[in-house]
Amino acid sequence: MIKIYGMPTCPYCSFVDEQVKGNNRFKVIDIGSDVHYMHEFMDLRDSRPEFDHSKEIGDIGIPCFVLEDGTVTLKPEDVGLVEYQPGMGAACSLDGKGC
């Protein structure tokens with residue numbers, strides 16, 4: 001099972017959560033729902049080089065994906081998902097063009 005650490009208030013996390021709903025390959029973990037989950041995530045963030053860039057630019061580093069073999073990635077495409085792009089899905093007309 002692939003663990004996904006995130007928070008529902010994060011648009012990137014919410015976008016990922018929608019993609020995995022009902023898929024038992026994934027377990028979504030809301031790091032804000034319990035201090036235990038926050039601690040698990042902070043242990044990863046504090047010790048893994050995958051978070052170096054996120055920390056440099058002031059990001060939290062969610063959503064975070066932990067694969068069955070312990071591999072950590074911040075890229076949804078690494079687990080077969082689509083990454084959220086700002087403005088994705090937003091359109092004012094049926095043909096998908098902007099306002």
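Me: How many helices and strands are there in the protein chain?
Reply: This is a predicted model, so take everything here as computed. Read along the sequence, the pattern is β-α-β-α-α-β-β. That gives three helices and four strands.

Me: What is the handedness of the β-α-β crossover from β1 to β2?
Reply: β1 and β2 are parallel partners, and K3 stands opposite K27 in β2. Between the two strands the chain passes through helix α1 (residues 11–20). The crossover is right-handed.

Me: How many of the five residues of β1 are buried?
Reply: β1 has a partner in β2 and another in β3, with I4 bridging to F65 on the β3 side. The strand is mostly covered. The count of buried residues is four.

Me: F65 is found in strand β3; is it buried or exposed?
Reply: Leaving aside neighbours within four places in sequence, F65 is in contact with a list of residues including I2, I4, V16, V72, V79 and L81. Across the sheet, F65 stands opposite T73 in β4. The cut-off for buried is under 20% relative accessible area, and F65 comes out at 0%, so it is buried.

Me: How far apart in space are F65 and F26, C-alpha to C-alpha?
Reply: F65 belongs to β3, while residues 26–30 make up β2. In sequence F65 and F26 are 39 residues apart. In space, the C-alpha to C-alpha value is 9.3 Å.

Me: Which residue's side chain makes a polar contact with the side chain of T73?
Reply: T73 lies in strand β4 (residues 72–73) and is buried, with a relative accessible area of 9%. Beyond four places in sequence, T73 touches C64, F65, L67, D78 and V79. The side-chain polar contact, at 2.6 Å, is with D78.

Me: Which elements give two or more residues to the largest nonpolar core?
Reply: That core has twelve residues, among them Y5, F41, L44, F51, C64 and V66. F51 touches F41, L44, C64 and V72, among others. Apart from this core lies another, of eight residues, including V16, F26, V79 and L81.

Me: What share of the 99 residues in the protein chain is buried?
Reply: The protein chain exposes about 6,300 Å², and carbon and sulfur atoms supply 54% of that. Among contacts between residues at least 6 apart in sequence, 49% join residues at least 24 apart. As for buried residues, their share is 27%.

Technical notes
Residues are numbered from 1 along each chain as its sequence is written. This is a predicted model: local features need pLDDT of at least 70, side-chain atom pairs count only at pLDDT 80 or more; totals for chains, interfaces and linings use all residues. Side-chain values use heavy atoms; hydrogens and water are left out. Buried means under 20% relative accessible area, exposed over 50%, partly exposed in between (1.4 Å probe, protein chains only). Two strands pair if DSSP finds at least two bridges between them. A crossover is right-handed if, with the strands pointing away from the viewer, the path from the first strand over the helix to the second runs clockwise. A nonpolar core is a set of buried Ala, Val, Leu, Ile, Met, Phe, Trp, Tyr and Cys residues joined through side-chain atoms within 4.5 Å. Contact means heavy atoms within 4.5 Å. A polar contact is a pair of N or O atoms within 3.5 Å; within protein, one must be able to donate a hydrogen and the other to accept it, and residues adjacent in sequence count only if both atoms are side-chain atoms. Accessible areas come from the Shrake-Rupley method with a 1.4 Å probe; for residues, only the protein chains shown count as cover.
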